[in-house]
Number of protein chains: 2
Amino acid sequence: MSTVDKAISLLDLFSIDTPELGLSEIARRAGYDKATTRRLLLSLSRHGFVEQDAETRHYRLGAGLTRLARIREARLPLLQTALPFLRDLAIATSETVHLSEAGNASLLTVLVEHPARANRVNVNVGEYLPLHSTASGLAYLAHARPDAVKAALGNPLTAFTSHTVTEPGAILAEVEATRARGYSIMDQGFEDGVFSVAAAILGSGGYAIGTLAIAAPVVRTTKALAAERGQAVAAAARQISERLSGEGFGALRKRASA
Amino acid sequence: MSTVDKAISLLDLFSIDTPELGLSEIARRAGYDKATTRRLLLSLSRHGFVEQDAETRHYRLGAGLTRLARIREARLPLLQTALPFLRDLAIATSETVHLSEAGNASLLTVLVEHPARANRVNVNVGEYLPLHSTASGLAYLAHARPDAVKAALGNPLTAFTSHTVTEPGAILAEVEATRARGYSIMDQGFEDGVFSVAAAILGSGGYAIGTLAIAAPVVRTTKALAAERGQAVAAAARQISERLSGEGFGALRKRASA
DNA sequence: GTTGTCGGTTCATTATTTGAACCATTATTT
DNA sequence: AAATAATGGTTCAAATAATGAACCGACAAC
């Protein structure tokens, strides 16, 4: 493992549940000597990737990461374009709505709006979503480049619950159904008790650049509600797509099929 | 320069104007050998810090940065809380409104809303703002910890224009006036022809965690307009502060003075 | 057709990184 | 109150990783 790999792996120790860590704890969790860990942290700190609290001496993720992320986002402002739609959907459905951004054959949750209810689906930002077993994943695959679909289904797939479909043929059939319907449906394929619908947000090239999803407890979901939420999320995804690219959704869809 | 420093410095080559770069160009700009550069890029790529386009072979900033930035932001959702206020202010004033996030004695612009006008102030996300010569900087200093103020004014300060105040005593007087008024005023201290007002967004500790600013061409600014914008930005900053911390603004202000 | 530049690779040489042992301070346990 | 444990931090001989000149095939420019 290279020194650069070691340094960056330290950043992965921070999470929503663990926003701050001390030097000794970071070293322990990383499995590196304290001296090594400190040197790596100093390098990261020089570039703003971590910040050390002046009082507690604890480390946390730094503004340098935000800076680069904002530069990355500036090219295509998915987050700020989608935010109002997310909020409206969360209010209208009283369920969890989340936005994911597509990378190279991956989906990263970047925005979540939780409803003010005790029984709700909790989704964390900053987590990658599996493509085969989430509504977002299926929505993405329905509008992905063929090589991305191949890459996603090319390796043995994980069964997260007893409902997870792991046979590529069956997943592709579901992807086709998603494309026809305009939104995907996932019934407890990733987590027991969770029912989700999602739709793809298309970029100028006609391929998915993100997804919008509504996740609800199964106990609060009927066939009619599922269809209603599906249509709502598809409509919102369409509007976000049109807002981002300045083109009609139909034209975008046609482009990827060419 | 350590290997980690070298690797991360490659990321700084990307900007809004230069979102993608090829291997040879990155090596040239960084001043490293192509073999070295490629090895460093591969390490960054393994963690999602850069992505290589499958067709053009060019590199760009990756989702791994967004992931960590979203985790960092999840603790305190400044961006998504402020966005609606930014938009409303941009519409109401027809001027550029921008949000900056406070780090360790630094301010990073994370959100910008430009008006649909030809003559407008252009602000880029992902750029650090000087504290002594911008409205945002003064607003921040007015509500910063004393050691951060000391650090900011402790070294010789840059005169960006002939209007820039660089004498610490005079800056501190302006900081005091900002605190009293509830918003700062900067008349071409950072860039000729630009007039800005800003207000601090306070965190639970009572100190500034960000700033909200309105930047306009001087030719479109009167004393009355300045006061009007100042009050508007102060009101918005106050609402964002209250929304984030769940406390009254007056209580927040009192806490930092204790 | 020729020349230049691209992204990419190799391995002897060079430079950087490592971590055990140590420190002062603070926190925890007895 | 005293003893022990854990913290963040430092050093430098030994160990390991990184380096880059020279090379490659493919593609672009002239």
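A backbone N or O atom of A:Leu23 lies 2.8 Å from a phosphate oxygen of DNA strand D in this predicted model, in which local features need pLDDT of at least 70, side-chain atom pairs count only at pLDDT 80 or more, and totals for chains, interfaces and linings use all residues. Residues are numbered from 1 along each chain as its sequence is written, chains are lettered from A and ligands numbered from 1 in the order in which they are written, and side-chain values use heavy atoms, with hydrogens and water left out. A polar contact is a pair of N or O atoms within 3.5 Å; within protein, one must be able to donate a hydrogen and the other to accept it, and residues adjacent in sequence count only if both atoms are side-chain atoms. Phosphate oxygens of DNA strand D are also approached by side chains: an N or O atom of A:Arg28 is 2.9 Å from one, and a polar atom of B:Lys6 is 3.1 Å from one. Two or more residues each are given to the surface near DNA strand D by α2 (23–30) and α3 of chain A and by α1 and α3 of chain B; helices (H or I, at least four residues) and strands (E, at least two) are DSSP runs, numbered from the N terminus.

In total, 18 residues surround DNA strand D, and A:Leu23, A:Ser24, A:Lys34, A:Arg38 and A:Arg57 are the closest; a residue is near a strand if one of its heavy atoms lies within 4 Å of it. Of the atoms of DNA strand D that come within 4 Å of the protein, 69% belong to sugar and phosphate. The surface near DNA strand D comprises four nonpolar, seven polar and seven charged residues, where Ala, Val, Leu, Ile, Met, Phe, Trp, Tyr, Cys and Pro count as nonpolar, Asp, Glu, Lys and Arg as charged, and the others, Gly among them, as polar.

DNA strand C likewise has 18 residues around it, of which B:Leu23, B:Ser24, B:Lys34, B:Arg38 and B:Arg57 come nearest. Sugar or phosphate supplies 68% of the atoms of DNA strand C within 4 Å of the protein, and bases supply the rest. By class, the surface near DNA strand C holds four nonpolar, seven polar and seven charged residues.

The relation between the two protein chains was examined next. A rotation of 180° with 0.0 Å of shift along its axis superposes chain B on chain A, with an RMSD of 0.1 Å; superposition is by least squares on the C-alpha atoms of residues with pLDDT of at least 70 in both copies. The two copies are thus related as by a two-fold rotation axis. In chain B, the C-alpha of B:Val4 is the nearest to this axis, at 2.5 Å. The same surface serves both copies, as 100% of the contact residues of chain B recur in chain A, contact meaning heavy atoms within 4.5 Å.

Each chain contributes to the contact: 55 residues come from chain B and 55 residues from chain A. The area buried between them is about 4,700 Å², of which carbon and sulfur atoms give 62%; buried area is the accessible area (1.4 Å probe) that two parts lose on being put together, summed over both. Across this interface, 20 residue pairs are in polar contact, both residues being at pLDDT 80 or more. On the side of chain B that touches chain A, α4(B) provides the largest share, eleven residues. The residues of that side divide into 26 nonpolar, 15 polar and 14 charged.

Side chains of opposite charge can pair when their charged atoms come close. A salt bridge is a side-chain nitrogen of Lys or Arg within 4 Å of a carboxyl oxygen of Asp or Glu. The count is 34 salt bridges over all chains, and six salt bridges between chain B and chain A. In one salt bridge, A:Asp5 pairs with B:Arg46, the closest N and O atoms being 2.7 Å apart. A:Asp5 lies in helix α1 of chain A and B:Arg46 in helix α3 of chain B, so the pair joins two chains.
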